[in-house]
2 protein chains.
Amino acid sequence: MNNYWNQYPVIKKDLEIIEDILKENMKCRDKEIEESLLMMLSSGGKMLRPSFLLLAGGFGKASSKKLYPLAAVIELLHMATLIHDDIIDNSEYRRGTPTIHAEFGPNYAVFTGDLLFTRCFTLLSNNTSMDNMRRISNVIAKICQGEIEQYSSHYQIDNTVKQYLRRISTKTAALFSLSLFIGASEAKCSKQLTAKLANIGLNIGMAFQIIDDILDYVGSEDIVGKPLGNDLKQGIFTLPLLYTLKVENNGIEEILKKKDYTAEDIRNIITKTIELGGLKRARELAKKYTDKAFKILNTLPNCESKKILTEITETLLIREY
Amino acid sequence: MNNYWNQYPVIKKDLEIIEDILKENMKCRDKEIEESLLMMLSSGGKMLRPSFLLLAGGFGKASSKKLYPLAAVIELLHMATLIHDDIIDNSEYRRGTPTIHAEFGPNYAVFTGDLLFTRCFTLLSNNTSMDNMRRISNVIAKICQGEIEQYSSHYQIDNTVKQYLRRISTKTAALFSLSLFIGASEAKCSKQLTAKLANIGLNIGMAFQIIDDILDYVGSEDIVGKPLGNDLKQGIFTLPLLYTLKVENNGIEEILKKKDYTAEDIRNIITKTIELGGLKRARELAKKYTDKAFKILNTLPNCESKKILTEITETLLIREY
């Protein structure tokens with residue numbers, strides 16, 4: 001369990017139970033695959049999405065028991081997309097641990113991801129309503145389309161900021177939003193409160209992804225768990241770069257067209273992104289989404305969940321980057 | 001629509017409706033992907049699984065309207081696994097049409113398969129019970145594990161016949177069985193009749209896959225749609241070969257250990273498989289499953305569905321190969 005949760009013992013305890021459900025659902029006749037899934041689990045993701053689901057549940061009336069399997073579904077879903085993502089992005093490491101793609105090859109990764117997807121649906125069919133089932137399917141379909149779009153946008157220097165925002169809203173923000181929605185709706189929160197929580201999730205998700213993309217330009221490898229410029233090298237052009245490309249005579253278009261970037265190319269692009277203000281503008285947009293999330297958060301009824309959700313959002317989104 | 005169904009106009013009409021549902025569910029913001037999915041659909045699979053589902057429904061009382069989306073789910077599911085399968089097997093063609101993997105690369109294929117998987121669940125959540133949802137999820141999980149096992153068994157000359165049979169039962173037969181089960185259970189057939197139909201599906205599926213594997217050794221490229229020895233070349237050792245390997249001094253173990261087989265190696269292995277009786281034994285086992293399917297079929301109540309199911313099974317399984 002990530003020590004991020006040490007200061008919230010109640011959530012930590014809940015997440016440990018969810019971790020057990022996850023382990024149960026990673027069982028596979030192929031023991032190597034099972035082991036690598038367990039390693040991925042223990043390599044210390046923060047389990048943000050399941051904790052958001054639980055926190056949203058705290059705004060209404062839901063037994064934790066009812067929420068646990070749903071929170072596990074959200075994390076399984078997230079892991080499944082990460083595994084397939086790592087194939088697409090040809091990633092070797094995630095949080096310092098070798099990816100399934102790197103360790104076993106893309107073939108294993110394809111079906112391991114599929115297996116986790118399926119386990120989500122089995123868990124859901126035992127624990128939720130058809131309505132939520134439909135909603136979750138729609139979000140997964142959105143995520144897939146977001147991934148397809150992300151891939152087809154590789155190395156495209158004419159990507160617009162609007163396209164980028166749509167992509168991250170389906171790729172990342174939709175799942176944050178879904179987590180809060182499911183928690184709230186299972187806890188029978190009012191429609192208005194449920195919609196507010198889903199909207200908070202959307203804004204947190206947008207800010208979270210923009211910050212993640214900023215960290216590809218300025219992060220320290222130790223913290224981010226992958227080398228600087230990793231996305232850039234794969235031809236994933238994110239917000240800081242897209243803003244920089246809007247500056248006339250930016251001097252990087254020529255480099256970007258090459259496709260096979262040297263370490264020096266990467267350094268040059270990163271420097272330009274900082275010098276020409278692309279990074280600054282990206283930070284500003286992240287802040288806009290963060291502010292929006294807090295603005296809605298402030299209108300929520302006071303309770304322990306609100307307090308924790310506010311604190312987590314602060315540590316996640318208001319930090320040096 | 002495959003002209004296989006010309007002689008059964010009622011089924012053909014049903015399948016055309018199902019094809020429309022499939023097209024609807026292949027919509028994707030990426031138009032290239034959508035087009036390649038439509039091409040895959042039109043390249044003329046027989047839509048055996050959806051027709052089995054409809055035929056099973058004919059043994060009870062179910063409006064076709066209720067069965068259509070479920071039949072579409074089964075075909076979508078089948079297509080999703082084929083798309084991911086083609087990544088694993090590095091296949092360039094399927095039924096003479098380039099695979100998504102070959103045309104767009106493995107990355108597109110990963111998420112296109114995921115998208116179809118998800119569409120299955122969305123369709124299901126609008127059209128069936130949680131019980132069926134659970135059953136379908138379990139079958140997909142089985143298929144994934146079967147695929148993982150198939151891949152990890154590549155180039156393993158110590159594969160046993162028992163392992164092979166377990167693999168094809170999860171990889172192929174489970175979906176045939178599920179198709180008949182779902183059709184029967186949605187049509188409120190008795191538990192006994194539903195179980196019989198599911199069992200027929202299992203036996204048809206086993207025979208079907210063994211015959212498919214035999215065709216890798218003796219099929220004509222025109223009919224099978226892929227070159228002879230295609231599986232063999234990928235290190236997929238199927239029943240004819242596994243039986244041949246049981247013969248002492250078979251003279252092929254040394255070739256198989258090489259892994260990178262020349263055209264001559266492939267020819268030699270195929271010749272040995274025929275000469276040493278491996279192919280004959282595989283045919284015998286296929287016949288055993290076929291006989292079993294017919295034996296149960298004969299005990300079913302007489303109706304139009306029984307007649308057609310019997311005829312289809314005959315054309316599928318009793319032919320020159």
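Visitor: A:N249, buried or exposed?
Guide: A:N249 counts as exposed, with 6 C-beta neighbours inside 10 Å. The cut-offs: a residue is buried if 20 or more other C-beta atoms lie within 10 Å of its own, exposed if 12 or fewer, and partly exposed in between, with C-beta atoms placed from the backbone.

Visitor: Before we go on, what kind of model is this?
Guide: This is a predicted model: local features need pLDDT of at least 70, side-chain atom pairs count only at pLDDT 80 or more, and totals for chains, interfaces and linings use all residues. Residues are numbered from 1 along each chain as its sequence is written, while chains are lettered from A and ligands numbered from 1 in the order in which they are written.

Visitor: Back to A:N249. Where does A:N249 lie?
Guide: In the loop between α12 (239-245) and α13 (253-257) of chain A. Helices here are DSSP runs of H or I with at least four residues, strands are runs of E with at least two, and both are numbered from the N terminus.

Visitor: What is the phi of A:N249?
Guide: Positive, about 50°, although A:N249 is not a glycine.

Visitor: And B:N249, what is its phi?
Guide: About 45°, so also a positive phi on a residue that is not a glycine. B:N249 sits in the loop between α12 (239-245) and α13 (253-257) of chain B. With 6 C-beta neighbours inside 10 Å, B:N249 counts as exposed.

Visitor: Where is A:V247?
Guide: A:V247 lies in the loop between α12 and α13 of chain A. A:V247 is partly exposed, with 16 other C-beta atoms within 10 Å. A:V247 and A:L276 are 29 residues apart in sequence, and their C-alpha atoms are 7.3 Å apart in space.

Visitor: New topic. What rotation superposes chain A on chain B?
Guide: A rotation of 180°, with 0.0 Å of shift along its axis and an RMSD of 0.0 Å. That is the relation of a two-fold axis.

Visitor: Which residue of chain A comes closest to the rotation axis?
Guide: A:V110, with its C-alpha at 3.3 Å. The same surface serves both copies: 100% of the contact residues of chain A recur in chain B. Contact is called when the C-beta atoms of two residues, placed from the backbone, lie within 7 Å.

Visitor: How many residues does the contact take from each chain?
Guide: 35 residues from chain A and 35 residues from chain B. On the side of chain A that touches chain B, the elements giving two or more residues are α4, α6 (106-127) and α7 (130-152). By class, that side has 18 nonpolar, ten polar and seven charged residues. Ala, Val, Leu, Ile, Met, Phe, Trp, Tyr, Cys and Pro count as nonpolar, Asp, Glu, Lys and Arg as charged, and the others, Gly among them, as polar.

Visitor: Where is A:N138?
Guide: In helix α7 of chain A. A:N138 is partly exposed, with 17 other C-beta atoms within 10 Å.

Visitor: At what angle do α4 and α8 of chain A cross?
Guide: Roughly 170°, and the axes of α4 (residues 64-88) and α8 (residues 161-186) come within 10 Å. That makes α4(A) roughly antiparallel to α8(A). For angles, under 35 degrees is roughly parallel, over 145 roughly antiparallel, 65 to 115 roughly perpendicular and the rest oblique.

Visitor: Which residues make the contact?
Guide: From α4(A), A:K66, A:L67, A:L70, A:I74 and A:H78; from α8(A), A:L175, A:S179, A:I182, A:G183 and A:E186. By class, that is five nonpolar, three polar and two charged residues.

Visitor: How many residues has the largest nonpolar core?
Guide: It has 195 residues. Such a core is a set of buried Ala, Val, Leu, Ile, Met, Phe, Trp, Tyr and Cys residues joined through C-beta atoms within 7 Å. Among those with the most contacts inside it are A:L180 and B:L180. Helix α4 (residues 64-88) of chain B gives the most to this core, with 15 residues.

Visitor: What does B:L180 touch?
Guide: Setting aside residues up to four places away in sequence, B:L180 touches B:F52, B:L53, B:A56, B:L197, B:A198, B:I200 and B:G201.

Visitor: Last one: B:G278, buried or exposed?
Guide: Buried, with 26 C-beta neighbours inside 10 Å. B:G278 is found in helix α15 (residues 278-298) of chain B. Neighbours within four places in sequence aside, B:G278 is in contact with B:P240, B:L241, B:Y243, B:T244 and B:T273.

Terms used
Copies are superposed by least squares on the C-alpha atoms of residues with pLDDT of at least 70 in both. Axes are lines fitted to C-alpha atoms, for helices over the stretch in contact, and angles run from 0 to 180 degrees between N-to-C directions.
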